Amino acid sequence: MFSKKPAQNSRPTPQRQASEMKGNSGSTFSVIGTDVTIRGNIEATVDLHVDGRVHGDIACASLVQGEDSHIEGEIKAETARLSGSVHGRIEAKNLVVLKSAKIDGDVSYETLTIEQGAQVDGRFAPLGAKNGKAAPAGDTVAAKPAKSDAPSGGLPLAN
């Protein structure tokens with residue numbers, strides 16, 4: 001209450017800002033705000049949170065995309081949580097597509113979660129799939145044929 005501590009500078013230094021942005025894991029993250037548009041590629045060794053617009057490719061450790069953000073370009077990340085619009089190819093080991101997301105592009109993943117209501121127009125393929133070709137959206141890969149009352153030709157006969 002009456003201690004004589006030196007007054008702290010109210011202006012944060014770059015070092016103090018970086019230390020305040022560190023998460024529990026000790027890693028830092030970068031934020032692209034809603035008022036920011038970037039034209040060009042982004043490479044980050046840290047986590048990236050995009051709320052603005054990016055016209056270019058993104059490569060980072062972890063990507064979190066805000067609902068109102070727009071990304072036009074390829075995304076490569078260890079983990080990605082997408083909730084805005086993406087126009088381009090996506091490659092992520094752990095991918096979560098939230099219900100507000102609108103994706104136009106092929107998707108490669110190791111683990112994939114898609115919330116009901118998300119819009120995806122593209123092909124899906126596990127990372128390292130043979131031929132590197134993704135299955136078209138809506139196609140089922142390695143599915144067992146459904147049991148049918150149709151003749152052995154597979155199609156029901158017209159009456």
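These are my notebook entries on what I looked up in this predicted model.

**Entry 1: the chain as a whole**

I began with the secondary structure, and found one helix and 15 strands in the chain. I then turned to burial, where 27% of the 159 residues count as buried. For the contacts I took those between residues at least 6 apart in sequence, and of these 2% join residues at least 24 apart.

I traced an open sheet of six strands, whose order is 2-5-7-9-11-13 and whose pairing is parallel. At its edges I noted strand 2 and strand 13 (119-121), each of which pairs on one side only. On average, neighbouring strands of this sheet are turned by 5° against each other, with direction ignored. I looked at one pairing in detail: strand 2 and strand 5 (residues 53-55) run in the parallel sense and share three bridges, and Ile 38 has Val 54 in strand 5 as its bridge partner. As background I wrote down that strands of a sheet pair through backbone hydrogen bonds, either parallel or antiparallel.

Which residues of strand 4 lie on its covered face, and which on its uncovered one? I found Leu 48 and Val 50 on the covered face, while Asp 47 and His 49 make up the uncovered one.

I followed the pairing of strand 4 next. Strand 1 pairs with strand 4 in the parallel sense over four bridges, and strand 4 is joined to strand 6, again running parallel, by four bridges.

**Entry 2: the largest nonpolar core**

I looked for the residues that touch the most other members of the largest nonpolar core, which has 23 residues, and these are Leu 63 and Leu 82. The elements that give two or more residues to this core are strand 4 (47-50), strand 6 (58-65), strand 8, strand 10 and strand 12 (107-114). I then listed what Leu 63 touches beyond four places away in sequence, and the list includes Leu 48, Val 50, Ile 71, Ile 75, Ala 77 and Leu 82, as well as Thr 79 and Arg 81. In soluble globular proteins, nonpolar side chains tend to be buried together.

**Entry 3: Ser 83**

I placed Ser 83 in the loop between strand 8 (75-82) and strand 9 (85-87). Is Ser 83 buried or exposed? With a relative accessible area of 6%, Ser 83 falls under the 20% cut-off and therefore counts as buried. I checked what surrounds its side chain: a polar atom there lies 2.5 Å from the backbone oxygen of Gln 65, and a polar atom of the Ser 83 side chain lies 3.3 Å from the backbone nitrogen of Glu 67. Leaving aside neighbours within four places in sequence, I found Ser 83 in contact with Gln 65, Gly 66, Glu 67, Leu 98, Ser 100 and Ala 101.

**Entry 4: Val 36**

For another loop residue I took Val 36, which sits between strand 1 (29-32) and strand 2 (37-39). Val 36 has a relative accessible area of 31%, so it counts as partly exposed. Apart from neighbours within four places in sequence, Val 36 is in contact with Gly 52 and Arg 53.

**Entry 5: salt bridges**

How many salt bridges are there? I counted three.

- Lys 76 and Glu 74 meet through their side chains at 3.6 Å, N to O; Lys 76 is partly exposed at 39% relative accessibility, and Glu 74 is partly exposed at 26%.
- Glu 78 bridges to Lys 93, with the closest N and O atoms 3.7 Å apart. This pair links distant parts of the chain, Glu 78 being in strand 8 and Lys 93 in strand 10 (residues 90-97), 15 residues apart. Glu 78 is partly exposed at 43%, and Lys 93 is partly exposed at 37%.
- Arg 89 and Glu 91 meet at 3.2 Å, N to O; Arg 89 is partly exposed at 31%, and Glu 91 is partly exposed at 26%.

How values were computed:
Residues are numbered from 1 along each chain as its sequence is written. This is a predicted model: local features need pLDDT of at least 70, side-chain atom pairs count only at pLDDT 80 or more; totals for chains, interfaces and linings use all residues. Side-chain values use heavy atoms; hydrogens and water are left out. Buried means under 20% relative accessible area, exposed over 50%, partly exposed in between (1.4 Å probe, protein chains only). A polar contact is a pair of N or O atoms within 3.5 Å; within protein, one must be able to donate a hydrogen and the other to accept it, and residues adjacent in sequence count only if both atoms are side-chain atoms. Contact means heavy atoms within 4.5 Å. Two strands pair if DSSP finds at least two bridges between them. Axes are lines fitted to C-alpha atoms, for helices over the stretch in contact, and angles run from 0 to 180 degrees between N-to-C directions. A salt bridge is a side-chain nitrogen of Lys or Arg within 4 Å of a carboxyl oxygen of Asp or Glu. A nonpolar core is a set of buried Ala, Val, Leu, Ile, Met, Phe, Trp, Tyr and Cys residues joined through side-chain atoms within 4.5 Å.
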